[in-house]
Amino acid sequence: MAPTRTVKNKHAANGSGIRNSKSAKNPQTDSVIKAKKNQPNKSHIAATGLKGRPKISEILKKRKQRVYSAKELGIPELNKITPVGVEKPKGKKKGKTFVDDRESMTTILALVTAEKEGQIESKMIKARQMEEIREARRVEAEAKDQERKAKFDETKDQVRKKRKREKGVRDDDVNGFKSAMEEGTRAMKPKGKKKKVSFAAE
Amino acid sequence: MRPLTEPETKVVFDKLANYATDLKTLITPLEDGDRYVFRLNHSRVYYVRLSIANMATSITRDALLSLGTCLGKLTKTGKFRLHITALPILAEHARHKVWVKENGAQPFLYGSNVVKAHVGRWSEDCPEHSGCVVYSMADVPLGFGVTARSTAEARRLDPTGIVVFRQADCGEYLRDEDTLFAG
């Protein structure tokens with residue numbers, strides 16, 4: 001590699017600044033220096049260029065790459081679907097087809113009526129079934145309610161009977177002494193321990 | 001003005017069948033050899049005599065305002081909407097009927113739904129969400145709607161409960177005067 005020089009002033013570099021000086025007479029042209037500098041570079045590019053350039057045979061190979069059709073690749077038919085609006089059937093007449101004759105109108109009407117009747121019928125059946133279910137539920141709920149009520153009444157009766165029996169037992173007492181004792185009337189109350197209040201000594 | 005295409009005819013019949021039975025009589029030939037046909041003009045469907053429809057061909061589309069009985073409008077999405085003008089045809093072949101009392105007629109004609117308290121009587125075995133024609137107690141058709149409840153369910157409903165959802169009523173002749181036939 002040639003040594004690199006830093007040049008601050010292009011014209012000043014070629015001479016000392018004096019017109020008739022030696023250096024001014026034999027100026028070193030920039031081109032020569034450049035040529036010298038570039039020589040190794042040129043050779044380098046040439047060498048690399050020959051290597052990097054693709055050969056003609058390679059280019060031809062690339063160009064001849066085979067293009068497969070959809071049939072050859074075996075792609076499923078679904079991938080080929082086009083929207084309904086876009087697809088235009090060939091051989092079919094353009095425009096709308098009107099229904100104005102009685103026969104076709106009757107056919108359409110029969111189809112529509114049958115469909116509607118079916119729908120309404122199914123609706124009715126469904127409604128009836130729902131109604132039956134509701135009715136059954138209502139009956140069940142009523143039965144349950146009745147049962148609960150009966151149970152409640154029974155319990156109430158039992159409680160009443162119990163009370164009556166207790167009353168009957170009390171009647172058996174001699175002179176009603178025992179019952180009076182239980183009830184705790186003031187006059188007949190047996191005297192227990194007398195309650196006392198005492199103050200703590202200082 | 002043009003006849004309906006097949007899908008259009010199907011949609012129209014489908015809607016009519018919600019409210020009316022025996023639609024065959026609509027297209028049966030008349031005694032004088034004439035018959036009724038369906039015609040489309042400005043997305044409105046007309047039910048008209050064939051002889052009148054043929055005569056109307058001499059009038060330009062823009063100049064033709066209306067002919068025969070306007071049944072309704074075909075929307076841009078391909079659905080069909082019945083107008084109140086179709087009421088005479090529906091009332092003639094009504095599948096289910098609801099009669100409203102005197103006190104219920106006015107609220108209905110002003111555009112509200114039919115509540116149970118206003119119902120005088122109704123046809124039996126009517127499932128929910130099916131088309132029905134609303135009559136006054138004097139058998140004058142007032143409009144049509146869709147049942148909110150089946151007859152059995154409606155019996156258990158409270159008086160303020162909605163029985164019929166209004167679809168169209170005769171009050172529209174005044175309320176929608178500007179848009180009913182054009183626009």
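Student: In which order do the 6 strands of the open sheet of chain B follow one another?

Tutor: This is a predicted model in which local features need pLDDT of at least 70, side-chain atom pairs count only at pLDDT 80 or more, and totals for chains, interfaces and linings use all residues. Residues are numbered from 1 along each chain as its sequence is written, and chains are lettered from A in the order in which they are written. Strands (E, at least two residues) and helices (H or I, at least four) are DSSP runs numbered from the N terminus, and two strands pair if DSSP finds at least two bridges between them. The pairing in this open sheet is mixed, and the order is E7-E11-E10-E9-E6-E8.

Student: Which strands are the edge strands?

Tutor: An edge strand here pairs on one side only. That holds for two strands of chain B, namely E7 (114-115) and E8 (119-122).

Student: What is the bridge partner of Val134(B) in E10(B)?

Tutor: Strand E9 (residues 131-136) and strand E10 (residues 141-147) of chain B pair in the antiparallel sense over 5 bridges. In E10(B), the residue bridged to Val134(B) is Gly143(B).

Student: How many residues of strand E2 of chain B are buried?

Tutor: Buried means under 20% relative accessible area, with a 1.4 Å probe and protein chains only. Strand E2 (residues 36-41) of chain B is mostly covered, and the number buried, of its 6 residues, is 5.

Conventions. Heavy atoms only, no water. Buried < 20%, exposed > 50% of the residue type's maximum accessible area, 1.4 Å probe, protein only.
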